[in-house]
Amino acid sequence: MADNHSLDQLVQALRCLPGVGVKSAQRMAFHLLQHDHEGAQRLARALQHATEQVRHCALCHTFTEGEICATCQDPRRDASLLCVVETPADQAAMERTGAYKGLYFVLMGKLSPLDGVGPREIGLQKLFDRIDAPDAVIREVILATNFTAEGETTAHVIAQGLKTRGVQVTRLARGVPVGSELEYVDLGTIAHALVDRR
């Protein structure tokens, strides 16, 4: 595609999305240009607007257009509960359950020394500062990082950092998914469910 510099640029731009390889990016680009020119324009405008307007909440670090996000401003939220998650997508998943009514802190990542991601890169000091603030009423920090090696390491480091701060630290429970049959559940999940039984 030597004479299609703009098309090549679009394909390369689409490849920055997670899980999108060359062929998928080409399919998307061809579809947008051939079948949905208006959709392509709408996508371009939405991306431009989002990159200009969306920032991090000053309190919880999630995405917002204002200085402080709507969740942090909501007076109905329980300010004594702080749920620590890795990403805004994880926060959204917690919100969809309708079961959690506290506040959040979004790390925007997880500790991964091999990838050069340490405590500074995920803002652990900002988390600790929020808990230590003179006006803070946080009594429990719920560690809701993912159950990967990096997520477990992140949860452990946070728990160690909170040991002397006078707050209760809890971790999301792990176990057998609702509606599943034991014979089809992996052994690690069964083992954790057995250890964490109640």
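In this predicted model, strand E5 (residues 140–143) runs parallel to strand E6 (residues 168–171), and four bridges join the pair. Two of the residue pairings between these strands can be named: Leu143 stands opposite Arg171, and Ile142 has Thr170 as its bridge partner. Between E5 and E6 the chain passes through helix H7 (residues 149–162), giving a right-handed β-α-β crossover.

**The sheet**
- E5 and E6 belong to an open sheet of four strands, ordered E4-E3-E5-E6, with parallel pairing.
- Strand E4 (102–106) and strand E6 are the edge strands, each of which pairs on one side only.
- From one strand to the next, the twist averages 25 degrees.
- In general, the strands of a sheet pair through backbone hydrogen bonds, in either a parallel or an antiparallel manner.

**Helices on the sheet**
- Helix H6 (residues 124–132) packs on the sheet and touches strand E3 (78–85), E4 and E5.
- The direction of H6 makes about 150 degrees with that of E4.
- Helix H7, which links E5 to E6 in the crossover, lies across E3, E5 and E6.
- Relative to E6, helix H7 runs at about 170 degrees.

Note on methods:
Residues are numbered from 1 along each chain as its sequence is written. This is a predicted model: local features need pLDDT of at least 70, side-chain atom pairs count only at pLDDT 80 or more; totals for chains, interfaces and linings use all residues. Side-chain values use heavy atoms; hydrogens and water are left out. Two strands pair if DSSP finds at least two bridges between them. A crossover is right-handed if, with the strands pointing away from the viewer, the path from the first strand over the helix to the second runs clockwise. Axes are lines fitted to C-alpha atoms, for helices over the stretch in contact, and angles run from 0 to 180 degrees between N-to-C directions. Contact means heavy atoms within 4.5 Å.
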